Amino acid sequence: MSAFRHVIRVLLITGALMAIPAAAHAEAPEAVTQTVTDHAGALGARAGEVQAAVTRLEADHGIRLYVVYVTDFSGWNATTWADQTAGLSRLGRDDLLMAVATRERRYAVSADADFPLSTEQLNQVAQDAIVPALRQDDWAGAAIGAAKGYGTAMANPANPEGRSAWWLAGAGVLAVAGGGVYLFSRRRSTSRHAAAAKDLETRAGQALVHTDDAVKTSEQEVGFATAQFGEEAAKPFAEALEYAKGELDQAFRLRQQLDDEVPEDDATRQAMLEEIVRRCADANARLDAESEAFDRLRDLEKQAPRVLAEVRQAHAELAPKLAEVRRAMAATEERYAHSALTPVEDNPDEAANRLEFAAQTLTAAQESLEAGESGRAVAQVLAAQSAVDQARQLMEAVTRRAGDIHQAAAGLKPALETVAANLSAAKALAADEAYAADLTPQIAYAESTATQVAEDVVAGRVDPIALLRRVEEAQATLDGALKGVRDKKARQEQARSMLDQAMLTARSEIAATKDFITTNRGAVGSTARTRIAEAERLLAEARARAGEDPSAALAAAQRADQLAQEAGQEARREVSTFGYGRTGGGRGGADAMMGAVLGGILIDGMMGGMMSGRGGGRPTAGTRGRGQAPGSFGGSGTRGRRGSGGAF
């Protein structure tokens, strides 16, 4: 792709984000101009040693290592923090950035996609030289070890996976006595095995997050391309997207299996984690293979004026609807409990932030076009297009949730009647002493739950979805107790009567949580994404089995609902600690810009190195730059930076 990809990164990172008030993030990513930056006061008197080590690395191997120490990453993912700092600093192909949060005890190393060392070599240096020193609070030693490790790896490119002699000698664990070599102790071997396992866990988690982001962004772009050019023209990219989705779904299933209550042995766990990394890599590679063709299809530099007009029109049509959404939300809240709207309670404010960002960016895009800066205009148009699309998604989520609440409210009465009928049947069976012991506790629980729900409904404003879920639980308890005394046909009919309510609560929870994750993906990690992916799979399974096996479908729908709730709780927790104040437009442009970061609109453009070389010239026109514009189709190979990181 043309050089505008690099202009995009410069524009969105150095221009837009630097306008956000620094007070919003005490330790937010920022440009570094010195190779050693110590905001945490961690290096003390040894700062000179660290400077000497990084200077020696550059002199000997042409590699410039930037070292940054902070107390914490202000809720940012360590890898994202390091990648964005590298982007803001305009680091090039031969630059590395190592960021350490001393109080949070997390670190990350960020490298350009074309950095001369392989990912395996970067991980090896981290495992052997950086992490052991960090665990001992040897902050200077970690930087010095990194500099020496990268230097040795550059000098020995043929042995990326072997244990490096520099580490053995430098760490003082290689001793020569009588011509023999003192071997590592078992304790050190065990420690390294544990460190390697932890690193693999971290890489698998990062792979899931980055691949999920690539799939979500590419899916949005395929939608834009289909609307613009038709299904036939977009078919190759839709096929690539479906392949990537399939690989990602399998990776998420493996992660869910690792997280369930059944433990795996170490060898099996390692194999499953490696498969997660491999499947994510395959998904990204498939998207990357079509990225050049996709860029040629959209050819946005030529079409920027037309697309700008379309996005402006979409914005103009959507903006007035926000007031309608707010009114609908207020009307729903007047009638029902606030908790019913919790999954979407921030959506109107977030939609307003996205729309404000889009308006600002569209104005800037028009100015860029008038100035003849087509590459810059494309970056702005793409960002505005993504923001408008997310605003629409946020607003539609409110409308859909309100509909689900009304539907759940309508379903409460028949659900309670079903429980009452089954309570009567259960009590009749419990009159027989042979069944009394098995049925009495479950009858008491179901009766108590149904009574409480009925009283809540009469009392006033309720959360119909939560109440319907409680009725389902009561009915499931009864059904389990009656399972042994009912024939199969009766159980299937009972499950069939419960299935619609279970599908409603699961579908509503999944939709609300999925929308929340998608529009807040800049802050959401792999756990919430894994749970919602499994919830979607189980809901699809429930739909598929509803006709032939209602009991199995009911169990799948109930489990899907549970996982969606877990995903929502985890996602909201991560967003709340992201460091972004959800103030509802109170900070104006800052909220709009940070909303775009939170929604992943700008993240994609921050993930890569800024320019080829150290602040050097533009790449040759017609080549696709590392890193990519907001909303661009592609996988990790066209998204940018790589490296290692995690807790220590």
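## The sheet and its edges

V36 sits opposite V67, a residue of strand β2. The two strands involved, β1 and β2 (residues 64-70), run parallel and share three bridges; strands here are DSSP E runs of at least two residues, helices are H or I runs of at least four, and both are numbered from the N terminus. For two strands to pair, DSSP has to find at least two bridges between them. This is a predicted model, where local features need pLDDT of at least 70, side-chain atom pairs count only at pLDDT 80 or more, and totals for chains, interfaces and linings use all residues. Residues are numbered from 1 along each chain as its sequence is written, and side-chain values use heavy atoms, with hydrogens and water left out.

Zooming out, the open sheet has five strands in the order β1-β2-β3-β4-β7, with mixed pairing. The edges belong to β1 (36-38) and β7 (642-647); each has a single partner strand, so one side of each has no neighbour in the sheet. On average, neighbouring strands of this sheet are turned by 5 degrees against each other, direction ignored.

## Helices across the sheet

Helix α4 (residues 119-135) lies across β3 (95-101), β4 (106-111) and β7, at about 30 degrees to β7. Helix α5 (residues 139-155) lies across β2, β3 and β4, and runs at about 160 degrees to β2. For these angles, axes are lines fitted to C-alpha atoms (for helices, over the stretch in contact), and the values run from 0 to 180 degrees between N-to-C directions. Contact means heavy atoms within 4.5 Å.

## A helix pair: α12 and α13

Two packed helices are described by the angle between their axes and the distance between the axes. For helix α12 (residues 321-335) and helix α13 (residues 347-370), the axes come within 10 Å and cross at roughly 170 degrees. That makes α12 roughly antiparallel to α13 (over 145 degrees; under 35 is roughly parallel, 65 to 115 roughly perpendicular and the rest oblique).

On the α12 side the contact uses L322, V325, R326 and M329, and on the α13 side P348, D349, A351, A352 and L355. Sorted by class, that is seven nonpolar, no polar and two charged residues. Nonpolar covers Ala, Val, Leu, Ile, Met, Phe, Trp, Tyr, Cys and Pro; charged covers Asp, Glu, Lys and Arg; the others, Gly among them, are polar.

## Aromatic pairs

Rings of Phe, Tyr and Trp (its six-membered ring) pair if their centres lie within 6.5 Å; planes under 30 degrees apart count as stacked, over 60 as edge-to-face and the rest as tilted. By this rule there are five aromatic pairs. In one of them, F73 and W81 have ring centres 4.9 Å apart and planes at 40 degrees, so the pair is tilted. F73 is buried at 0% relative accessible area, and W81 is buried at 3% (buried is under 20%, exposed over 50%, partly exposed in between, with a 1.4 Å probe and protein chains only).

F237 and F294 make an edge-to-face pair, 5.1 Å centre to centre with 90 degrees between the planes. F237 belongs to helix α8 (residues 231-259) and F294 to helix α10 (residues 291-298), so this pair ties together parts 57 residues apart in sequence. F237 is buried at 5%, and F294 is buried at 1%. Together with F633, F237 and F294 form one aromatic cluster.

## Around Q475

Q475 lies in helix α16 (residues 464-482) and is buried, with 2% relative accessible area. Leaving out residues up to four places away in sequence, Q475 touches T418, V419, N422, Q494 and M498. The C-alpha atoms of Q475 and V419 are separated by 5.9 Å, while the two residues are 56 apart along the chain.
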